Amino acid sequence: MSLLPATDSSPAWFDGGAGNGTAASPEGEDTYGNAINAAVTLVLVVTMVSLGCTMELEHIGAHLRKPRGIFIAVLAQFGIMPLTAFALAKVFRLNPVEAVTVLICGCCPGGNLSNVFALALDGDMNLSILMTTCSNVLALGMMPLLLWAYSHGLSDTRFVIPYGKISITLALILLPCAAGIFINAKFPKYSRMMLRAGMALLLVTGIVFIVLMALYMGSIIWLVFSPTLISIGVLMPLLGFTLGFFLAGLFHLSYKCRRAISMETGFQNLQLCSAILRLTFDPQVIGPLYLFPLLYIIFQIAMALLLVLMFRLYVHCYRQKEKRHAERTVEIYRIKLEGEVTELDGGMSRHKSEDDRNESFSGTAF
């Protein structure tokens, strides 16, 4: 998923009961959509500046000089996810439009939420943001190639790639991150403050987004999507997170890098997916499947939150274990030290008794 605002018009709202594309376009829809886009853009910029404050030029240079982590992440992004989407479409025997919709989601590059959750999982932030940037650059060529290659087994659809939208994504990643890197390098005492402010803003807007989505779209989503599509929405991010982590493990990367690559693999820029669906299909053809990226976003976030919870519990238990181990070690040394002191005191007492006896014997003899 990406936090990038949509640059095209808002999608038609669908009648959940009928499942047909009955467009409802109120007079203030464009104004409302522009206001939403402006707010999301502001949140994205602040978030990426705050994430940039976690990056260091030295570590960025190290990843660029030895781009093994970036190569593995790109391999996972454009190797694992398209293949996973294609395999799920075949296994669940989706019709051509459903299969192509799932395939488009799988072929999209990494999104900004991968960086946010990499931070929550204590991943390598320098690698995470470099991976997102590289995947979006490579998407200019890889998306048409992958969609052409995999769609031959699914459909004869000709896809329209929104290159302008990809370019905007890159700008909204690189420029704010550059500002954050500058702040961290020149004013390090403010970088932590910026990070906290950015994460707090993202948390508040995220909660608002989830509540609004649940109120206005929840019933529609569950009515128009079959159990098969819901299952695919659950499996795709789960497989992406898992396979990305284990692929990085095969190359013996550090656990911080593995967690970052895991998030980058499982999160896609689904705003690009929505744009491709809009540009490629007529509303009468795509119907309620236009909302599939929204369903996918829900499960991406849900799975990532579950992983963050599990990771935090593991870290808490590990720290408690280390604390108990340290306390036991201190106690062992204390007991050992007390024993040595006791033994030393006993030895000194014995020597003193022997000296006293020797003096007494010497006096008697004299």
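So, the lining of the second largest pocket: by class, that's 13 nonpolar, 2 polar and 4 charged residues. Keep in mind that we're looking at a predicted model.

Helix α13 covers 292-365, and α9, α10 and α13 each supply at least two residues of the lining.

Okay, let's zoom out for a second. Of its 366 residues, 45% count as buried.

After α5 you run into aspartate 122, and its phi is positive, near 55 degrees.

What does aspartate 122 pair with? One partner is lysine 256: their side chains meet in a salt bridge, 3.0 Å from N to O. Lysine 256 sits in helix α10 while aspartate 122 is in the loop between α5 and α6, so this pair ties together parts that are 134 residues apart in sequence.

And here's Arg259 again. Aspartate 122 also forms a salt bridge with arginine 259, where the closest N and O atoms are 4.0 Å apart. Arginine 259 is in helix α10 and aspartate 122 in that α5 to α6 loop, so here the parts tied together are 137 residues apart in sequence. The structure holds 2 salt bridges, and Asp122, Lys256 and Arg259 are linked in a network.

Buried or exposed, what's arginine 259? Buried, with a relative accessible area of 15%. Lysine 256 is partly exposed at 35%, and aspartate 122 is partly exposed too, at 38%.

Last stop, the surface. Phe71, Leu75, Leu250 and Phe251 make a nonpolar patch of about 410 Å². Where's phenylalanine 251? You'll find it in the loop between α9, which is 227-250, and α10, which is 255-266. Its relative accessible area is 32%, which makes phenylalanine 251 partly exposed.

Note on methods: Residues are numbered from 1 along each chain as its sequence is written. This is a predicted model: local features need pLDDT of at least 70, side-chain atom pairs count only at pLDDT 80 or more; totals for chains, interfaces and linings use all residues. Side-chain values use heavy atoms; hydrogens and water are left out. Patches are made of residues with over 30% relative accessible area and no salt bridge: like charges are joined within 9 Å, nonpolar side chains (Val, Leu, Ile, Met, Phe, Trp, Tyr) within 5 Å. Accessible areas come from the Shrake-Rupley method with a 1.4 Å probe; for residues, only the protein chains shown count as cover. Helices (H or I, at least four residues) and strands (E, at least two) are DSSP runs, numbered from the N terminus. Buried means under 20% relative accessible area, exposed over 50%, partly exposed in between (1.4 Å probe, protein chains only). Ala, Val, Leu, Ile, Met, Phe, Trp, Tyr, Cys and Pro count as nonpolar, Asp, Glu, Lys and Arg as charged, and the others, Gly among them, as polar.
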